[in-house]
Amino acid sequence: MRIARFSLDGNVAFGVVEGDADTEGGPVLDIIKGHPFAEFERSGQRLPLDKVRLLPPVLPNKVVAIGRNYAEHAREMGNEVPDAPVVFFKPSTSVCGPHDPVAYPSFSSEVHYEAELAVVIGRLCKDVPRERVKDVILGYTCGNDITARDIQRAESQWARAKGFDTSCPLGPWVETELDPSDLGVMCTVNGEQRQLGRTSEMVRSVEDLIVHITEAMTLLPGDVVLTGTPAGVGPLSVGDEVAVTIEGIGTLTNKVVKRD
């Protein structure tokens with residue numbers, strides 16, 4: 001099931017995405033009653049997907065991100081695979097949605113894309129045992145951990161480098177029925193492939209990461225875990241269109257603009 005969050009005429013709601021580009025009339029949204037973090041009913045009221053504005057599929061309290069979770073990416077950055085997951089935060093204000101502009105930060109001259117599988121938490125959880133990890137996950141979406149690489153190198157904490165406004169595009173929706181263990185992850189810039197990997201190459205699995213994170217902190221419904229990026233990261237410029245495609249989910253597209 002694909003669950004999208006959208007706005008229409010100033011109203012925000014969730015809906016189930018039905019059909020695809022090959023479906024007669026195109027994909028539609030069946031508006032749901034309530035929100036997807038509890039039992040819900042479909043309203044039966046359908047809207048063409050191209051008539052609404054897709055929003056970030058969730059508004060997380062926090063985005064918990066993992067660094068150096070692909071060995072080849074760790075090496076391309078001049079690092080070894082860490083003995084324990086490298087965990088950092090992106091604030092809620094960094095989140096933007098599909099087709100939202102990504103504002104190039106004024107304090108950086110080297111901004112990079114990082115295509116990632118994003119895990120959306122479905123229920124409050126703490127100290128999650130491995131066998132219960134699937135029970136706390138609502139689903140998966142595409143993420144782009146956009147990074148001011150020069151600032152990341154210059155500052156020991158990554159808060160500014162990875163937490164600036166619009167540095168965390170998410171979308172286009174949450175796929176609830178997906179096995180995350182071996183999915184293709186691709187990033188293109190202006191239609192040219194820049195990254196291509198598989199989640200099976202992750203050093204630590206989704207289960208490993210959720211267990212590790214919840215040993216330390218409570219995750220809330222709607223929180224997001226970014227699972228790391230494959231090799232091939234590189235620069236973005238103002239005017240570029242960057243797209244993250246994950247097998248079984250879809251494509252998240254954003255354009256880089258000059259910050260006002």
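1. Let's start with V52, which is buried, with a relative accessible area of 13% (buried means under 20% relative accessible area, exposed over 50%, partly exposed in between, with a 1.4 Å probe and protein chains only). V52 is found in the loop between β4 (41-48) and β5 (53-54); helices (H or I, at least four residues) and strands (E, at least two) are DSSP runs, numbered from the N terminus. Not counting residues up to four places away in sequence, V52 touches F6, S7, L8, L29 and L47, where contact means heavy atoms within 4.5 Å. R5 is 47 residues from V52 in sequence, yet their C-alpha atoms are 9.8 Å apart in space.

2. A word on the ground rules. This is a predicted model, in which local features need pLDDT of at least 70 and side-chain atom pairs count only at pLDDT 80 or more, while totals for chains, interfaces and linings use all residues. Residues are numbered from 1 along each chain as its sequence is written, and side-chain values use heavy atoms, with hydrogens and water left out.

3. On to the annotated spans. An unreviewed UniProt entry assigns "domain: Rv2993c-like N-terminal" to residues 1-57; UniProt positions are given in the numbering used here, feature names are shortened, and annotations may be inferred rather than shown by experiment. In the model, residues 1-57 are 0% helix and 54% strand, with the end C-alpha atoms 13 Å apart. The UniProt feature "domain: Fumarylacetoacetase-like C-terminal", also from an unreviewed entry, is placed at residues 62-257. That span is 13% helix and 39% strand, and its end C-alpha atoms lie 25 Å apart.

4. Strand β11 deserves a look. Of the 7 residues of β11 (residues 115-121), 7 are buried, so the strand is largely enclosed by the rest of the structure. In a regular strand the side chains alternate between the two faces of the sheet. Here both faces are covered: A115, L117, V119 and I121 are buried on one side, and E116, A118 and V120 on the other.

5. What does β11 pair with? It runs antiparallel to β12 (residues 137-144) over 7 bridges, and antiparallel to β17 (residues 224-226) over 3 bridges; two strands pair if DSSP finds at least two bridges between them. As reference points, A115 has N144 as its bridge partner in β12, and V119 has V225 in β17.

6. Elsewhere, β15 (residues 184-189) and β16 (residues 192-198) run antiparallel and are joined by 6 bridges, with C187 opposite Q195. These two strands form a hairpin with 2 residues between them, and N190 in the turn has a positive phi of about 55°.

7. Now the cores. The largest nonpolar core has 53 residues, and V206, I210, L219 and I246 touch the most other members; such a core is a set of buried Ala, Val, Leu, Ile, Met, Phe, Trp, Tyr and Cys residues joined through side-chain atoms within 4.5 Å. Leaving aside neighbours within four places in sequence, I246 is in contact with E116, L117, T141, C142, L183, G184 and V185. Another core, of 14 residues, lies apart from it, with V63, A65, L138 and W158 among its members.

8. Finally, the rings. The whole structure holds 2 aromatic pairs (rings of Phe, Tyr and Trp, the last by its six-membered ring, pair if their centres lie within 6.5 Å; planes under 30 degrees apart count as stacked, over 60 as edge-to-face and the rest as tilted). F88 and W158 have ring centres 5.2 Å apart and planes at 65°, so this pair is edge-to-face. F88 in β7 (residues 86-90) and W158 in the loop between α2 (149-154) and α3 (159-163) are 70 residues apart. F88 is buried at 8% relative accessible area, and W158 is buried at 17%. The rings of F107 and F164 are also edge-to-face, because their centres are 6.2 Å apart and their planes at 80°. F107 is partly exposed at 29% relative accessible area, whereas F164 counts as buried at 8%.

9. Two arginines also meet rings. The charged end of R160 sits over the ring of F107, 4.7 Å from its centre, and R2 lies over the face of W173, at 5.2 Å from the ring centre. The criterion is NZ of Lys or CZ of Arg within 6 Å of the ring centre and within 35 degrees of the ring normal.
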